[in-house]
Amino acid sequence: MSSTRDPQLRDGGRSDGPEGSLQPTIAASSWPLWEVFVRARRGLSHVHVGSLHAPDAAMALRNARDVYTRRGEGVSIWVIPADQIAASSPDEKDAFFDPADDKVYRHPTFYHVPEGVEHL
Amino acid sequence: MYGNDFGPDRDGDGAATEIAPDDPDFLALIDADGRIEPRDLMPEAYRKTLIRQIAQHAHSEIIGMQPEGNWISRAPSLKRKAILMAKVQDEAGHGLYLYAAAETLGVDRSELVDLLIAGKQKYSSIFNYPTLTWADMGAIGWLVDGAAITNQVPLCRCSYGPYARAMVRICKEESFHQRQGFEILWTLSHGTEAQHAMAQDAVDRWWWPSLMMFGPPDAESTHTAQSGRWGIKRFTNDELRQRFVDMTVPQAQALGLTLPDPDLTWNAETGHWDFGEIDFTELFEVIKGNGPCNAQRMAHRRRAHEDGAWVREAAAAYEAKQAARRTKESTAA
C-alpha cells in the first residue's frame, strides 16, 4: 500500500510541510487530548481511566476501546475533550472546600440516639 | 488515570511557581505517603526527573514491540501467534499510558517521540539484543518481563499519582506476559532434546542482559539517592536485582534449565542467592549505541513513524472537513 502511494501527496500533506491541499488545520502531531471514562458494568457510573490523543470523537472512542478495554474492562465509554473540562484549582483547595469542614451535623453520627431506640 | 487536572490553566492561578527541591510542604506530603498530582507545586528537578524516567519507560515499551514483533509471523501455532500479538498490543498500550502520564507534567507526546527518534532520549538497553530463535520469546517473557515487573511493582507506589496509576495497570497486564514466557520455555524444555537445547541457549543469552536491566550498581548510580528521597524510587538497583535473582533461581530449577553463572550459590547466612560479577562495560556500550541492534531498532522506529505520517494527516484532514461542515450547518440552522 505504501509503495504505491504518490510521494508528492505524502509530502504535501505533512503538517510541517510548506504547503499542500491536504494540509490539515489540526497538525497531526498535536491531535487534541481526550479524557476517557469507562463504565465497568451496568449499575456503576463511568470512571476516569486515562487520556489519549485523537483527531475526532469517533477516533477517540475507537482508540479508547483499544487502549483501555482490551480485557473487557467496560461496557460503555465516554470521551470528553480535555479542554472542555473545568476543574477547581488545587491552590484554593482549602478555601474552596472549607464550608463543609465545620458542618459535622450533616453526618448521622453527630446525633445522640438514646439506648434501646431502633431503626433510626 | 491521568487528566491534566485539566488542560492548560485558564486563569493562570495554577501555573506552577517553582519550589525548592527540599520544600518542607512537598517533602511532608511525600513522607506522609501522599501523592503529588499534576497541578501541584513541585520542584523543577522532580518534574524533569519524572519526565525523563516516564519517557524512557514509554519509549522502552514502544521499541520493545520490535524484538517480539519479529516472531509474530513465525510463531509455531495459531495459539502462540494470537498470544504474541496480544502481548505486543499490550506493549503499545503501555507506551500510550506512559506517554499520557508524562504529558501531565507539561510535555507533549510528539516532543517525546521526536526526542526518541533524534536519539536524544533513551530506551531500555535490553531491546538492543536480537531475537534469534522462538525460544527467545520465552526467555523475554520470563526473564525480561520478570525483571521489568520487579522494577515496576514498587513504582505502583511512586509519589507521582499519574505514573503510579499507570504502573498499577501495567503490572496487572504484565503478569500474563511473564507467565506466557515461562510456559513457552517449559514446553520447549520438556520437548525434544533439540527443543530443550534451544530453550537453554535462549536463557544463556538473555540472563546477563536481564540482570543489567536494573541499571548500574548502587555505588555508580547517579539518580538513586534523590529519587529515593522524592518517593520516585523505593528500592535501589542492587536491591531489586537481588530480589529478581532470588525469585528466578527456583523458577529455573522448575524449568529444568540452568542459569549461565558458575558463581550462583545459595548463601544461607544472608538468605539470598549470591551471583557472579556483572560485566557493566557491556551495559554501557549498549547504552552508548554499540549494542547488536541499536541502529536497526532506531531505523525501524523512524521508518514506522514516517510511514504512518499519511494516516495521521488523513485523520486530521478528515476531521478538519467534518468541522467545516458542522460550522456550515450550524450557521445555516
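His119(A) is exposed, with a relative accessible area of 82%. For the cut-offs: buried is under 20% relative accessible area, exposed is over 50%, and partly exposed lies in between, with a 1.4 Å probe and protein chains only.

Some ground rules. This is a predicted model, where local features need pLDDT of at least 70 and side-chain atom pairs count only at pLDDT 80 or more, while totals for chains, interfaces and linings use all residues. Residues are numbered from 1 along each chain as its sequence is written, chains are lettered from A and ligands numbered from 1 in the order in which they are written, and side-chain values use heavy atoms, leaving out hydrogens and water.

Back to His119(A). It is not a glycine, yet its phi is positive, about 55°. It sits in the segment after α3 (93–101) of chain A. Helices here are DSSP runs of H or I with at least four residues, strands are runs of E with at least two, and both are numbered from the N terminus.

Look for Asp33(B) in the loop between α1 (24–31) and α2 (44–63) of chain B. At 40% relative accessibility, Asp33(B) counts as partly exposed.

Now chain A as a whole. It holds three helices and three strands. Along the sequence the pattern reads α-β-β-α-β-α. Of its 120 residues, 27% count as buried. Contact, throughout, means heavy atoms within 4.5 Å. Among the contacts in chain A with a separation of 6 or more, 38% come from residues 24 or more positions apart.

Next, the strands. Which strands does β1(A) pair with? It pairs with β2(A) in the antiparallel sense, over six bridges. It also pairs with β3(A), antiparallel, over six bridges. Two strands pair if DSSP finds at least two bridges between them.

Specific partners, if you want to click on them. Leu33(A) bridges to His53(A) in β2(A). Phe37(A) bridges to His48(A), also in β2(A). Trp34(A) has Pro81(A) of β3(A) as its bridge partner.

Both β1(A) and β2(A) are well covered. In β1(A), six of the seven residues are buried. In β2(A), five of the seven are buried, so this strand is largely enclosed by the rest of the structure.

On to helix α2(A), residues 57–68. At its start, a side-chain oxygen of Asp56(A) comes to within 3.2 Å of the backbone nitrogen of Ala58(A). The expected span of a helix is 1.5 Å times one less than its number of residues. For the twelve residues of α2(A) that gives 16 Å, and the end C-alpha atoms are 16 Å apart, which agrees.

Which residues of α2(A) are buried? Ala60(A), Ala64(A), Val67(A) and Tyr68(A). They span an arc of only 75° around the axis, which puts them on the same side of α2(A). That arc is taken from the directions from the helix axis to the C-beta atoms. The general rule: an α-helix has 3.6 residues a turn, so residues three or four places apart point the same way. On the other side of α2(A), Ala58(A) and Arg62(A) are exposed.

What covers the buried residues? From chain A, the cover includes β1 (33–39), β2 (47–53) and β3 (76–81). From chain B, it includes α4 (78–103) and α7 (161–189).

Now the core. A nonpolar core is a set of buried Ala, Val, Leu, Ile, Met, Phe, Trp, Tyr and Cys residues joined through side-chain atoms within 4.5 Å. The largest one has 93 residues. Those with the most contacts inside it are Phe26(B), Tyr46(B), Leu50(B), Tyr160(B), Tyr163(B) and Trp206(B). Helix α6 (residues 135–152) of chain B gives the largest share, nine residues. Leaving aside residues up to four places away in sequence, Leu50(B) touches Ala55(B), Leu105(B), Cys158(B), Tyr160(B), Tyr163(B) and Ile232(B).

Last stop, helix α10(B), residues 237–255. Its 19 residues reach 26 Å from first C-alpha to last, close to the 27 Å expected. Its buried residues include Leu240(B), Phe244(B), Val245(B) and Val249(B). Among the elements covering them are α6, α7 and α8 (193–212) of chain B. After α10(B) comes Gly256(B), with a positive phi near 75°.

One residue in α8(B) to finish: Gln200(B). It is buried, at 14% relative accessible area. Its touches, beyond four places in sequence, are Leu257(B) and Thr258(B).

Methods. Polar contact = N/O pair within 3.5 Å; in protein donor to acceptor, adjacent residues only side chain to side chain.
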